[in-house]
Amino acid sequence: MAARINTSIQNSLWLLNPLQSSRNLKATHLRTRFKFYQNLLSAPSSCSSSSSKRAIFCSSASNFNSHDGGAATDPFVITTPLYYVNAAPHMGSAYTTIAADAIARFQRLLGKKVIFITGTDEHGEKIATAAAAQGSGPSEHCDNISEAYKTLWKDLDIAYDKFIRTTDPKHETIVKEFYSNVLANGDIYRADYEGLYCVNCEEYKDEKELLADNCCPIHLKPCASRKEDNYFFALSKYQRLLEETLTQNPGFVQPAFRLNEVQSWIKSGLKDFSISRASVEWGIPVPNDQKQTIYVWFDALLGYISALSENDEQPNLQTAVASGWPASVHLIGKDILRFHAVYWPAMLMSAGLKLPKMVFGHGFLTKDGMKMGKSLGNTLEPNELVQKFGSDPVRYFFLREVEFGSDGDYAEDRFINIVNAHLANTIGNLLNRTLGLLKKNCQSTLVVDSSAAAVGNAFKEKVEELVAKARNHYEELSLSSACEAVLEIGNAGNSYMDERAPWSLFKQGGASSDAAAKDLVLILEAMRIIAIALSPVTPRLSWRIYEQLGYPEDQFAAATWNETKWGGLKAGQVMAPPNPVFARIEQAIVNGEEEAPKKPVKSKKKIAQKVAEA
């Protein structure tokens with residue numbers, strides 16, 4: 001067998017009396033399990049239903065959209081994974097965080113109190129090994145890599161609210177308290193464990209999961225055989241409860257097609273898993289047993305809660321939970337779905353805490369249709385990408401061109417084509433030529449309110465329809481479709497400009513000139529709406545558009561989704577002189593060639609090749 005638990009199980013009470021016989025302890029463990037189910041079915045509930053079993057599930061019954069009818073004061077809490085600091089940030093980490101930032105910015109536009117949590121996972125064997133390879137201690141190594149993440153997030157305009165490190169003292173305090181609560185609930189016991197261990201995953205693997213030669217299917221490296229005396233979490237105890245919560249709350253795991261995968265894992269039979277390591281020194285010590293450290297996943301998942309603690313208060317689990325738990329959405333890569341959709345909910349049930357409202361597992365990234373890897377020399381470094389092209393192009397490309405939840409591909413020529421066509425041409429050029437006509441013919445001043453200019457004009461209705469679509473897509477986490485809807489406003493503006501040809505109307509003078517002046521107001525109003533609607537994705541570009549429309553920065557910063565309503569521009573407003581808000585990316589800048597790529601921009605293609613871990 002790939003893994004084997006010694007049949008002589010030692011219950012969690014071993015901590016209090018290590019000499020108690022395993023037979024009595026095993027019986028105690030089974031009685032505790034039975035008692036738990038009795039209490040679960042009979043205890044009063046803090047929710048509207050009559051059982052505490054329902055109380056566990058009720059937090060995940062609704063998702064987080066504005067029309068859900070939840071408490072208006074509840075914060076919108078979104079998390080990225082706590083990124084493992086064995087190496088510098090990669091594009092997969094950047095992609096998750098860009099998406100989380102766009103979602104958080106949209107929710108802020110809706111007027112929600114948002115708590116956007118990210119951070120770094122800094123314990124475990126792999127960290128100590130990586131630090132030794134660099135000739136440094138684990139603490140110094142973690143400091144350096146954690147700072148690298150913060151620097152990249154700043155370069156990518158990631159506006160997080162909380163950055164938690166699992167080496168923070170407040171985190172350790174909360175992890176130990178949580179562990180003690182689970183222990184007190186009878187869900188931790190001690191046993192021998194023998195199995196195949198993947199150091200990169202920090203996880204024991206079932207033999208049926210592995211490839212030839214016992215290779216990990218994710219890292220493609222052989223797993224090592226290990227035998228340890230560890231503490232275990234009674235995951236199997238929660239199999240029925242997990243099955244029920246997924247049946248009653250199918251929206252808990254998104255996208256919907258990932259729910260089947262999670263249900264399959266659970267129905268195949270859940271096994272208790274080890275939550276301590278005897279051979280790993282770099283970690284949080286197990287309470288009452290300093291010879292073992294808490295398993296890195298049991299430790300890191302608590303970062304979503306410890307991050308809610310304020311730095312100036314005495315950390316404890318209750319105050320952290322009261323500061324914003326449960327999370328509205330955990331945003332993760334699909335490779336860590338099992339930890340977040342199976343292990344984590346069971347841990348929370350054991351501790352008597354509410355479940356997150358949603359776990360969203362996105363796909364992996366490839367480059368030029370191929371799996372990425374250092375051996376292939378085709379890795380995609382986010383630092384290099386943002387330094388070469390800037391944050392807005394990187395943010396826009398990955399959110400627009402990768403259907404959120406599915407796998408996606410990066411190719412540099414397509415990146416340049418998409419960014420130039422959408423941001424420089426459709427949006428940037430439309431604004432620039434409209435402001436140019438306004439300056440030439442109207443002294444850069446609006447002649448009429450945008451609401452008055454739109455009377456009897458179908459262009460306004462088209463824009464309003466697309467704004468409604470964009471909002472709906474943002475709320476459903478369909479970020480690519482949201483971008484597409486906003487871009488369609490730009491396309492509609494360009495079509496309107498070409499159909500009306502205001503440059504010709506100005507030459508005719510009289511009523512034709514007046515009509516042309518109104519046409520410019522209509523297009524500029526659409527540009528104002530684009531700036532707000534696209535700001536979750538391209539915050540810098542959106543601000544430059546708003547600035548060109550004559551608004552101060554503080555007004556842009558205070559804008560909400562209400563500003564996407566038609567009628568913001570007023571007669572007499574003075575626009576800035578035309579100045580390109582987005583410069584085309586020239587191929588010569590990228591590789592020294594004189595010509596830009598000739599490949600036409602087509603609709604998003606499906607990538608069927610093998611994918612790499614994002």
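**Exercise 1. Find which residues glutamine 292 touches, leaving out residues up to four places away in sequence.**

Solution. Contact here means heavy atoms within 4.5 Å, and by that criterion glutamine 292 touches Arg190, Asp229, Asn230, Tyr231, Ser276, Arg277, Ala278, Ile284, Pro285 and Val286. The model is a predicted one, in which local features need pLDDT of at least 70 and side-chain atom pairs count only at pLDDT 80 or more, while totals for chains, interfaces and linings use all residues. Residues are numbered from 1 along each chain as its sequence is written, and side-chain values use heavy atoms, with hydrogens and water left out.

Finally, a polar atom of the glutamine 292 side chain lies 2.5 Å from the backbone oxygen of aspartate 229.

**Exercise 2. Work out which strands pair with strand 13, and in which sense.**

Solution. Strands of a sheet pair through backbone hydrogen bonds, either parallel or antiparallel. Two strands are taken to pair if DSSP finds at least two bridges between them. Strand 11 (residues 276-277) pairs with strand 13 in the antiparallel sense over 2 bridges, and there serine 276 stands opposite isoleucine 294. Strand 12 (residues 285-286) also pairs with strand 13 in the antiparallel sense over 2 bridges, with proline 285 opposite threonine 293. Strand 12 and strand 13 form a hairpin with 2 residues between them, and asparagine 288 in the turn has a positive phi of about 70°.

**Exercise 3. Give the order of the 6 strands in the open sheet, and say which are the edge strands.**

Solution. The order is 5-4-3-14-15-9, and the pairing is parallel. The edge strands are strand 5 (162-165) and strand 9 (253-254), each of which pairs on one side only.

**Exercise 4. Describe the geometry of the aromatic pair of tyrosine 83 and tryptophan 153, and explain which parts it ties together.**

Solution. The structure holds 33 aromatic pairs. The rings of tyrosine 83 and tryptophan 153 have centres 5.9 Å apart and planes at 65°, so this pair is edge-to-face. Rings of Phe, Tyr and Trp (its six-membered ring) pair if their centres lie within 6.5 Å, and planes under 30 degrees apart count as stacked, over 60 as edge-to-face and the rest as tilted. Because tyrosine 83 lies in strand 3 (residues 76-84) and tryptophan 153 in helix 5 (residues 138-155), the pair ties together parts that are 70 residues apart in sequence. Tyrosine 83 is buried at 7% relative accessibility, and tryptophan 153 is buried with a relative accessible area of 0%.

A second pair can be read in this way: tyrosine 179 and phenylalanine 298 are edge-to-face, at 6.0 Å centre to centre and with 75° between the planes. Since tyrosine 179 lies in helix 6 (residues 169-184) and phenylalanine 298 in helix 9 (residues 296-300), this pair ties together parts that are 119 residues apart in sequence. Tyrosine 179 is buried, with a relative accessible area of 1%, and phenylalanine 298 counts as buried at 0%.

**Exercise 5. Compare the reach of helix 6 with the expected span, and list its buried residues.**

Solution. The expected span of a helix is 1.5 Å times one less than its number of residues. Helix 6 has 16 residues and reaches 23 Å from its first C-alpha to its last, close to the 22 Å expected. In helix 6, Lys170, His171, Ile174, Val175, Phe178, Tyr179, Val182 and Leu183 are buried. After the helix comes glycine 186, whose phi is positive, near 80°.

**Exercise 6. Locate threonine 538 and name its contacts beyond four places in sequence.**

Solution. Threonine 538 is in the loop between helix 20 (510-533) and helix 21 (539-548), and it is buried, with a relative accessible area of 0%. Leaving aside neighbours within four places in sequence, threonine 538 is in contact with Asp392 and Tyr396.

Definitions and conventions. Buried < 20%, exposed > 50% of the residue type's maximum accessible area, 1.4 Å probe, protein only. Polar contact = N/O pair within 3.5 Å; in protein donor to acceptor, adjacent residues only side chain to side chain.
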